[in-house]
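Reader: Please take me through one part of this chain at close range. I would like the aromatic rings and the nonpolar packing around them.

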Amino acid sequence: MPGAAQQPVSAQRSVSAQRSEPARGSSAQQPKFAQRPTPSQRPAHAQRPGHRSGQRPGQRPTSAAPSSKPSSPRKPQTAREVALRVLLRVEEQGAFSGLELNRVLTDAGLSRPDAALATELVYGTIQRRLTIDHVLAARVKGWPNKVEPWVRCLLRLSYYQLRWLDRVPAHAVTDEAVRIAKKRGHGGIAGLVNGTLRALLREGVAPPLPAELPPAERLSLAHSYPLWLAERWVAAYGEAGAEALMAAGNEPPHMSVRANRLRGTRDALLAELAGAGIYAEPSKLSPDGIVAARAGSLAQTPWYASGRLSVQDESSMLVAAVCDPQPGMNVLDCCAAPGGKAAHMAERMAGVGRVTANDVHPHKEALIREQADRLGLSNVVTIVSDALSLPERLAPGSMDVVLLDAPCSGLGVIRRKPEIKWNKSADDIASLAALQRRLLESASRMVKPGGRLVYSTCTIAPEENEEAVRDFLGAHPDFRLDPAWPEETLAPLRSAGVVDGGFAGMAQLLPQHFGSDGFFIARLVRAD
């Protein structure tokens with residue numbers, strides 16, 4: 001999920017080895033403007049105590065509010081107008097928030113602080129949608145379906161500011177919202193917006209939740225997650241564990257990059273970043289990883305252009321380390337786009353051996369090649385194929401290591417792609433779980449006797465993770481779980497309590513463990 005720079009990807013999920021846009025977890029997939037600033041990166045007027053909100057793509061609620069059809073300004077001029085335009089596209093057309101934000105910001109030409117505020121408003125409003133709607137439903141008649149979409153988006157983003165951006169002056173929020181309402185609608189809508197926001201300020205912007213709610217319902221409203229997800233996580237982790245998971249999923253992701261060990265050491269890169277005024281520290285999860293703050297987009301720097309680093313989440317970096325490919329090995333990445341894990345394995349192999357990186361789409365194969373060229377990796381070979389068809393193209397039992405980074409529901413990367421909360425369902429998980437089992441069967445056929453099969457996802461659903469692995473093992477007695485992971489991967493997992501002395505060979509990372517993406521990794525070995 002990392003490696004390639006910010007490139008649009010297909011919104012269609014095929015029965016192939018390729019993940020759809022919402023399932024991808026790396027910050028590398030966020031457009032250059034659309035990376036949500038961390039608390040240390042936010043300008044003063046965008047600071048807030050902690051979290052963000054959500055919004056369902058694709059809904060077209062009926063409109064019963066009196067108004068003329070809202071005009072479409074030729075070009076948004078303020079951060080809030082930019083945010084409103086993006087949220088409306090997400091609401092009405094199912095646009096991906098990051099891609100749409102990048103498009104609108106490019107057109108708007110905002111200053112960096114205003115672009116940061118617009119980014120925070122978009123992600124925050126989407127992330128906190130359920131909580132916002134719960135509060136506004138008590139104050140706006142017919143909320144949300146009988147309120148025009150653009151008015152709904154304006155009230156949501158304005159309430160988000162009042163409640164969660166504590167350094168934005170309340171009068172500025174209200175005055176700007178009324179100005180936008182007048183500009184896009186008429187006096188009646190401006191009066192509705194003004195009255196609603198002033199009532200919230202008068203009565204308190206954070207009303208208490210109803211008393212004696214069941215645990216899942218309380219967490220759903222408090223942290224703004226669909227009830228079905230809250231119920232699932234309470235059942236899996238208990239009330240306290242579910243709350244920690246949900247709170248962590250609302251935090252902004254931090255920036256992390258992977259140093260290319262073929263073009264210098266991590267320590268040297270850390271020193272150069274510090275010299276450029278970028279606060280950076282070594283990753284706790286990966287000896288190749290760096291966590292940075294006040295960095296902007298490191299994919300727009302000479303270090304990236306020269307192949308010194310790649311943008312990648314820390315959890316994702318663990319995958320190549322668990323694969324543990326050695327120089328001279330024959331390695332396959334079944335679902336490689338945009339190429340981060342394939343590139344990381346090639347780097348760890350010192351450029352010696354062969355990494356076959358597969359993708360079903362030719363344009364994504366091109367992305368992988370671009371990354372390999374940028375990083376100086378001559379040992380990466382790309383092919384185009386549906387992963388289910390790979391056994392027809394590659395010799396059975398020919399690979400020392402096979403990585404299946406499978407298409408998944410993406411529930412581990414909600415902090416990066418908040419609309420995942422609202423556009424996934426239990427049915428999606430069931431259909432993906434069936435596909436994942438077919439892909440495991442296909443991938444296993446290329447593993448040589450004594451070779452390794454590594455299965456990973458960026459989700460937290462057991463059906464897609466440990467249950468998929470156990471079902472595979474039940475049908476393939478020639479494979480077994482392999483707990484002999486490299487110590488560099490096990491040490492941080494032990495320190496965080498992710499694994500213990502009974503470690504069997506698979507691990508589920510949750511967002512609260514390291515402030516990184518939720519990720520599942522299992523390593524299996526084929527009998528000699």
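Author: What follows is a walk through the aromatic pairs, then the cores, then the loops and the sheet.

The model is predicted. The chain holds 19 helices and twelve strands. Of its 528 residues, 61% are buried.

Rings come first. Six aromatic pairs occur in the structure. Tyr 160 and Trp 164 make one that is stacked, because their ring centres are 5.5 Å apart and their planes meet at 25°. The cut-off for stacking is under 30 degrees. These two residues sit in helix H5 (residues 149-164). They are four residues apart there, so about one helical turn separates them. Tyr 160 and Trp 164 are both buried. Tyr 159 belongs with them: ring pairs link Tyr 159, Tyr 160 and Trp 164 into a cluster.

Trp 485 and Phe 503 are arranged edge-to-face. Their centres are 4.9 Å apart, with 85° between the planes. This pair links distant parts of the chain, 18 residues apart. Trp 485 lies in the loop between strand E10 (479-481) and helix H18 (487-495). Phe 503 lies in the loop between H18 and strand E11 (506-509). Trp 485 has 5% relative accessibility, so Trp 485 counts as buried. Phe 503 has a relative accessible area of 15%, so Phe 503 is buried too.

Trp 485 leads on to the packing. The largest nonpolar core has 56 residues. Trp 233, Val 380, Leu 411, Trp 485, Leu 493 and Ile 521 touch the most other members. Helix H9 (residues 227-249) gives the most to this core, with seven residues. A second, separate core has 49 residues, among them Ala 79, Val 86, Ile 132 and Val 178.

For the chain, take contacts between residues at least 6 apart in sequence: 77% of them join residues at least 24 apart.

The charged end of Arg 129 sits over the ring of Trp 422, 4.2 Å from its centre. Lys 421 lies over the face of Tyr 225, at 3.9 Å from the ring centre.

Now the loops. Trp 143 and Pro 144 are joined by a cis peptide bond, with omega about -5°. Pro 144 is in the loop between helix H4 (129-137) and H5. Ala 337 and Pro 338 are also joined by a cis peptide bond, with omega about 5°. Pro 338 is in the loop between strand E5 (330-333) and helix H13 (340-348). Glu 212 is not a glycine, yet has a positive phi of about 60°. Its place is the loop between helix H7 (187-203) and helix H8 (215-223). With a relative accessible area of 82%, Glu 212 is exposed.

Last, an open sheet. Four strands follow the order E2-E3-E1-E4, with antiparallel pairing. Strand E2 (279-282) and strand E4 (309-311) stand at the edges. Each has a single partner strand, so one side of each is left without a neighbour in the sheet. Neighbouring strands are turned by 30° against each other on average, direction ignored. Strand E1 (residues 255-259) and strand E3 (residues 289-293) are joined by four bridges. Val 257 has Ile 290 of E3 as its bridge partner.

Conventions
Residues numbered from 1 in each chain as written. Predicted model: local features only at pLDDT ≥ 70, side-chain atom pairs only at ≥ 80, totals over all residues. Heavy atoms only, no water. Core = buried A, V, L, I, M, F, W, Y, C linked by side-chain atoms within 4.5 Å. Buried < 20%, exposed > 50% of the residue type's maximum accessible area, 1.4 Å probe, protein only. Phe/Tyr/Trp six-rings, centres within 6.5 Å; stacked < 30°, edge-to-face > 60°. Lys NZ or Arg CZ within 6 Å of the ring centre and 35° of its normal. Pairing = 2+ DSSP bridges. Axes fitted to C-alpha atoms, helices over the stretch in contact; angles between N-to-C directions. Contact = heavy atoms within 4.5 Å.
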